[in-house]
Amino acid sequence: MAKTYDGPSLDLEYVVGYSGITNGLKVHPDRHHLIYSLGNTVIIENIETKKQQTLMGHSADVSCLTVSNSGKYIASGQVIHMGFTADIIIWDYEQKAIYARLQLHKVKIEALVFSPKDSYLLSLGGQDDGSLVVWDVATKNAICGSKAQSESAGNTLCLAYHETDELKFFSGGDQTLRVWELNVDNRKIKPQDVRMGQHVRMSKCIQMKGNYLLCGTYTGDILGINVDTNRFQFLGPKGGHNSKKAENFQCGVTALAHLPGNQEMLVGSGNGEVALVTYRLVNEKKSEWVFEKKRSWFDKNCKGEKVAVAAIALRGDGHQFYVGMSNSQIYRFTYTDFACELVKSSHHGPVTDIVFPSRSNELFVTSQLGQIRFWLLKTGQELLRQTVANITCTSVALTEDGSKIYTAWNDGKIRGYGFVKGKGGAALKLMFTIHDAHSNGVTALTCTPDGHCILSGGGEGQVRVWSISHDFCTTSLEHNMMEHKGSVSDIRISKNGKSCVSSSHDGTTIIWDLEKKRRSQIVFANTLFKCVCFNKEENQIMTSGTDRKLVYWDVSSGSQVRELDGSASGSINAMDITADGNVVATGGDDKILKLWDYKRAEIISVGIGHSGNITKIKVSPGNTHIVSVSEDGAILVWKFPQYLV
């Protein structure tokens, strides 16, 4: 049994990740910090220094986020399992701590917004809740609540507060658009439906400016509502100057941000477009308006993906603004020339693997659905990306010098890449493809130290050895080892390349003699093995899986040497060992990174920061950093404790 750990925690250097939730990217009023969510964590990032602070308190993924006008508070809501209450947390920005935890809504918090003077917080429940609640920020109690929409309307999706009136706010959604009056003394809110005439829409986002409520709709147009009369006023945009033809935004309007001091606003759409739109009154007697699109930009990195603009956040008066995309990218724009740069690139799905070149700790490679990416370890900046649409890269292996990349995919193929010179620098070129490498997808992959052989494991349980020609263009199957009865989860090769070990979901881990092409030893356990590794001397292996145990096995006899409780809850999915063999890193469904002293079999440090299940862990060459990745797309880079070096 492992002893209870009460020692020092790992130092988290930085996080790479952004959830891309609707309206979930903010610039703090101090103009120096970005605020966004990643899984169940809220991240505050300094724009200049990139230093991050994390706010952890939610039990499930954050679904919405807002910042008070003064910047004193941050509010975040979450989504949780059916039948449970979804928390709202108000954070004290200065203290970076929980100010209040509010509970009334069920399943999901759809939207949050503060009143102009931070007196009240307005919250909207999701479709399983459907209620709207006003909270007193000072007392931390609910003042009143109501059903957000009438019986005949659809779901309410968005909220906005009046610019100056603490007692007036708005809600919009599927065939519903309402103006609300708050009566604090009587603890009531009274709705009034906006008279839309023929222009009934589904509103995705709303924002007030002056006397008008601007509504972005699923049909791709923008409605202007006069809040003094509660009537429809104008509709747009048109195609451009002097054009009478309407030009709706494709895939709907998903984000709005009004620029202060003028009648211009930024519009984001469901097809990844960011546009600058202007509106003006041209005939006061007839109330005729012109609503025109001035500038437009599309995300060129989408490459066929359906990517929506999730949020637009103004910095100051809008001279600079940030755009968050649903594929977890963040861009920074300048208003004057509409020029942009990619400032944050993140995975938008589970990260399936991570690997370092054995001779360098300057960069690492990760994989996910449809992509492999190269990252600079020092800054977390993405250097290079290779895309194969609609299939998942399950595993990556690099040759010792890092010049060749072998990738495993769930379509049953192995793809090999080499580096070539591109227009913007280095690029990847597909050198070979092994078709039908495994019938149920390739699930694990590694290569020999010289890079001339690949070892692959498949969903059908077979382990195969492939030889690669010296010109790196042709392959051939050398041997097929068929003893596993379930999916192969991990393969590790010995330093001399003469043996390897494979773990499987069938409860077996097999040590293979690669020279004789047969099994040399096998171990059994009542578990689904998820990961395995050799110790430094390669006379023992260490395994783990769904039984939450860390088990040492003797290579020559296959007998169990030691068993530890590796996790209090959830399986252990990932494992790596330092080059000197002294420290083992593990992580899994408990979302905790743990470092173990291999010889003493004790926890020596833990890292708490993941909001999703940890899928893979790697210790960098030279023991400078530990990188862990998870199902929510996060990459966490930890400093390796210097007292262990």
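A salt bridge is a side-chain nitrogen of Lys or Arg within 4 Å of a carboxyl oxygen of Asp or Glu. This is a predicted model, where local features need pLDDT of at least 70, side-chain atom pairs count only at pLDDT 80 or more, and totals for chains, interfaces and linings use all residues. Residues are numbered from 1 along each chain as its sequence is written, and side-chain values use heavy atoms, with hydrogens and water left out.

**View 1. Arg 373, Glu 382 and Arg 385 form a salt-bridge network.** The structure holds 21 salt bridges.

**View 2. Lys 344 pairs up with Glu 45 in a salt bridge.** Their closest N and O atoms are 3.1 Å apart. Lys 344 sits in strand E29 (residues 340-345) and Glu 45 in strand E4 (residues 41-46), so the pair ties together parts 299 residues apart in sequence. (Strands, labelled E, are DSSP runs of at least two residues, numbered from the N terminus.) Lys 344 is buried, at 10% relative accessible area, and so is Glu 45, at 5%. Buried means under 20% relative accessible area, exposed over 50% and partly exposed in between (1.4 Å probe, protein chains only).

**View 3. Glu 110 meets Lys 108 in a salt bridge (3.7 Å, N to O).** Here Glu 110 is partly exposed at 22% relative accessibility, and Lys 108 is partly exposed too, at 30%.

**View 4. Glu 273 and Lys 293 join side chains in a salt bridge (3.2 Å, N to O).** Glu 273 belongs to strand E24 (residues 273-283) and Lys 293 to strand E25 (residues 288-298), so this pair links parts 20 residues apart in sequence. Both residues, Glu 273 and Lys 293, are buried.

Terms used:
Helix = DSSP H or I, 4+ residues; strand = E, 2+ residues; numbered from the N terminus.
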